[in-house]
Each structure stands twice: as structure tokens, then as C-alpha cells.
Amino acid sequence: MNIIFLGPPGSGKGTHAERCGQTMGIPRLSTGDMLREQVKQQTKLGLEAKAYMEAGQLVPDEVILGMIRERIIAPDCANGCIFDGFPRTEPQAEALAGILTIDAVLNLALSDEAIVDRMKGRRCCPDCGHTSHTSWMNGENCVQCSKTMIIRSDDMPETVLNRLQVYHAQTKPLIAYYERQGLLRTVDSTGDVSMVFERVREALS
Ligand code: AP5
């Protein structure tokens, strides 16, 4: 089964895609995480992507599609996968449709005001990538690997506003695109994590 998690930055795609992937036994493919790993390793791709990411702009389609084509042929994707943060443009969606069949698109809906609020408290582990929030964190360390959690470089307030603008201009049109294909399931992402996860689970059942 191949599922896309769609939604604005900070709407909870990573959090819920991770849980769904664990429940369903299929991997979560986050293009954001893949790019951050390339930046960390200082690869040619990472150096190219860094400036786009720090400005809150999208990385060019051909770079993203190259990464995805390489990743989905790995054995762990044999039974499907969950795409988190991909596709983000119509050309990416068209290219994906030419590679595999999508079974469902889960759209997480959240207002811009709520997003800005969530991003202020987000903390990420620089080592294992675990994401959490200051409202329920107990201390500054990652619960998975004990490293000190950090603020993502693109979570600065002015970059978050750019990312929201980019989302509205370039990614939001995919809602109508997938609705026309009868694949879209929209879930209200307001409320606490377990409440939203229950809605996600129901929408995908
Ligand atoms: P990416 O890493 O994909 O960022 P994003 O889409 O902007 O999404 P986020 O990871 O910021 O948020 P999320 O929706 O996963 O929310 P989360 O679960 O963390 O992309 C980063 C950059 O890479 C892009 O700007 C672009 O430059 C580039 N890029 C990536 N993919 C690309 C592509 N396909 N094409 C081109 N460029 C690409 O939750 C947010 C916070 O809320 C957390 O702290 C969480 O704990 C908290 N929270 C509070 N309540 C809840 C709740 N009820 N549910 C879930 N989380 C909650």
C-alpha cells in the first residue's frame, strides 16, 4: 500500500506518518529527513539543497525525484511506503504517478495560526531525527537516544512564514489534484497527538 501524507509545514505529517508506518509495517519516506541527512553529510546534493531549505523554498523537482527514485527500489519498500512531504508540486505528483500506484492521500488540515504556534515549540534530535514538542517534553534530551534536542534551522519565525507562503502557492493545489482522482481523505489536525492519530487511523481504515 502506498500512502501520501499531505499538509502544510508543521501540520503533523512526520509525527503521524511515523506512527502509521510502524502500525502498518511499511517505511516512512520523508524527503525533508533525506535532505537534512544529505546536508549533515555535506554531500553535493546537500550543499545544493541547504540554501533552499534555509530560505523556506522548495528544492528543485529533479533533485527530489532523483532521491525518491533511488529510495523506492530498496527492499523495505516492497510492500509499499508512506510518503511524508512528497509530492509537493504538480510535476512531482505526475512523476510519482508514472512510477507507482497511490492508494490514498491523507491531508492534514491545520490553520496557519496553529502552525506558527506548533513550530515555536518543536524540537528535533540532531542524531536520530526524533521530533517532539516543548509542551510535553520532560527536559531537553531526546527520549530515544539522549542527545540534546535542537530547534530546526528552518523553524525560525520568518522562515516558517515563507514556508507557509510556498505551501499555499505550490503545494495546496495538490489537494484539488488528488480530490479529482478520488484519493483524498482530509483529517482535522487540531487537538492533541493521540486524538489526531485516532482520526488518521479511521480515515485510512
Ligand atoms: P519537511 O521536513 O518535509 O518539512 P515540512 O513539510 O515543512 O513539514 P514539517 O517537517 O515542518 O512538519 P510536519 O508536518 O512533519 O509536522 P511535525 O509532525 O513535525 O521539509 C523541509 C524542507 O525541505 C522544505 O521547506 C523544502 O525546502 C525541502 N523539501 C522537503 N521535501 C520537499 C519536496 N518534496 N520538494 C521540494 N522541497 C522539499 O509536527 C510539528 C510539531 O507539532 C511537532 O513539534 C509536533 O510534536 C507538534 N504537534 C503538536 N500537536 C500535534 C498533533 N496533534 N499532531 C502532530 N504533531 C503535533
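Tutor: A residue is buried when its relative accessible area is under 20%, exposed when over 50%, and partly exposed in between (1.4 Å probe, protein chains only). Tyr 177 and Tyr 178 are both buried.

Student: What kind of model am I looking at?

Tutor: A predicted model: local features need pLDDT of at least 70 and side-chain atom pairs count only at pLDDT 80 or more, while totals for chains, interfaces and linings use all residues. Residues are numbered from 1 along each chain as its sequence is written, and side-chain values use heavy atoms, with hydrogens and water left out.

Student: How many aromatic pairs are there?

Tutor: A pair of aromatic rings is described by the distance of the centres and the angle of the planes. Rings of Phe, Tyr and Trp (its six-membered ring) pair if their centres lie within 6.5 Å; planes under 30 degrees apart are stacked, over 60 edge-to-face, the rest tilted. This structure holds 2. Phe 83 and Phe 86 make a tilted one, 5.7 Å centre to centre with 55° between the planes. Tyr 177 and Tyr 178 have centres 4.9 Å apart and planes at 90°, so that pair is edge-to-face.

Student: Are Phe 83 and Phe 86 buried or exposed?

Tutor: Phe 83 has 0% relative accessibility, so Phe 83 is buried; Phe 86 is buried too, at 1%.
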